[in-house]
Amino acid sequence: MINDEILLNSVLKTAQMGRFGIETVMDKAVNPGLKQELRSQKAQYDDIENEANAMAAKREIQLKGLGAPSRYMASMMGRLSIMGAHRDSKIAGMLIQGNTMGLIKSMKYLNRCNHCRNDAVALAQKLADREQENIRNAQPFL
């Protein structure tokens with residue numbers, strides 16, 4: 001059973017994973033439009049992370065967030081994914097893959113959330129909607 005705590009932890013971890021991945025490659029992008037897209041997606045993840053933390057604090061829930069191994073994995077995957085030529089295309093591909101994984105995770109949790117408050121569900125849906133939009137926005141940079 002998915003409850004508010006599990007849902008909010010999932011939202012937080014998904015946003016953090018996206019943010020860490022973007023931070024790893026942000027200064028490697030060449031195309032100004034891609035640089036702007038990276039900044040935009042990072043800001044979205046920051047906002048969602050802040051909303052999840054605020055919602056959890058109101059409920060007196062202690063969220064766990066990503067552990068050091070997951071942060072390291074996001075950093076390594078980001079660095080490895082852009083090695084070689086066509087860096088911007090590889091960054092865009094990484095964005096699409098990361099957003100797709102986040103979208104799948106969000107939808108799984110939303111589909112199993114029978115006992116969650118409306119505001120927690122709305123935040124998880126906001127994350128899923130952003131992930132879909134981010135996928136479309138990264139496609140022109142492939």
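This note comments on helix packing and on selected residues in the structure above.

1. Basis of the model. The model is predicted, with local features requiring pLDDT of at least 70 and side-chain atom pairs counting only at pLDDT 80 or more, whereas totals for chains, interfaces and linings use all residues. Residues are numbered from 1 along each chain as its sequence is written, and side-chain values use heavy atoms, with hydrogens and water left out.

2. Dimensions of α2. Helices here are DSSP runs of H or I with at least four residues, while strands are runs of E with at least two, numbered from the N terminus. Helix α2 covers residues 32-58. Its 27 residues reach 39 Å from the first C-alpha to the last, close to the 39 Å expected at 1.5 Å a residue; the expected span is 1.5 Å times one less than the number of residues.

3. Buried side of α2. Buried means under 20% relative accessible area, exposed means over 50%, and partly exposed lies in between (1.4 Å probe, protein chains only). The buried residues of α2 are Leu34, Glu37, Leu38, Gln41, Gln44, Tyr45, Ile48, Glu49, Ala52, Met55 and Ala56. They pack against α1 (4-25), α4 and α5 (118-138). An α-helix has 3.6 residues a turn, so residues three or four places apart point the same way.

4. Packing of α2 on α4. The axes of α2 and α4 (residues 87-111) come within 11 Å and cross at roughly 25°. Axes are lines fitted to C-alpha atoms, for helices over the stretch in contact, and angles run from 0 to 180 degrees between N-to-C directions. The two helices are therefore roughly parallel; angles under 35 degrees count as roughly parallel, over 145 as roughly antiparallel, 65 to 115 as roughly perpendicular and the rest as oblique. Their crossing is left-handed, meaning that the near helix is turned anticlockwise from the far one by less than a right angle. Leu34, Leu38, Gln41 and Tyr45 of α2 meet Asp88, Ile91, Leu95 and Asn99 of α4, where contact means heavy atoms within 4.5 Å. By class, this contact of α2 with α4 has five nonpolar, two polar and one charged residues. Ala, Val, Leu, Ile, Met, Phe, Trp, Tyr, Cys and Pro count as nonpolar, Asp, Glu, Lys and Arg as charged, and the others, Gly among them, as polar.

5. Packing of α2 on α5. The axes of α2 and α5 come within 11 Å and cross at roughly 170°, which makes α2 roughly antiparallel to α5. On the α2 side, the residues in contact include Glu37, Gln44, Ile48 and Met55, and on the α5 side they include Leu123, Lys126, Arg130 and Asn134. By class, the contact of α2 with α5 has seven nonpolar, four polar and six charged residues.

6. Packing of α1 on α4. The axes of α1 and α4 come within 10 Å and cross at roughly 180°, so α1 is roughly antiparallel to α4. Among the residues making the contact are Ile6, Leu7, Ser10 and Val25 of α1 and Ile91, Met94, Leu95 and Tyr109 of α4. By class, the contact of α1 with α4 has eight nonpolar, four polar and two charged residues.

7. Helix α4. The 25 residues of α4 should span 36 Å at 1.5 Å a residue, and its end C-alpha atoms are 36 Å apart, which agrees. Its buried residues include Asp88, Ile91, Met94, Leu95 and Asn99. Tyrosine 109, also in α4, counts as partly exposed at 25% relative accessibility. Not counting residues up to four places away in sequence, tyrosine 109 touches Ile2, Ile6, Leu7 and Ser10.

8. Glutamate 49 is in α2 and counts as buried at 11% relative accessibility. Leaving aside neighbours within four places in sequence, glutamate 49 is in contact with Leu12, Ala15, Gln16 and Arg19. Serine 40, also in α2, counts as partly exposed at 26% relative accessibility. The C-alpha atoms of serine 40 and asparagine 134 are 9.2 Å apart in space, although the residues are 94 apart in sequence.

9. Backbone at glutamate 60. Glutamate 60 lies in the loop between α2 and α3 (68-81) and counts as exposed at 76% relative accessibility. It has a positive phi of about 60° although it is not a glycine. Most residues other than glycine have a negative phi.
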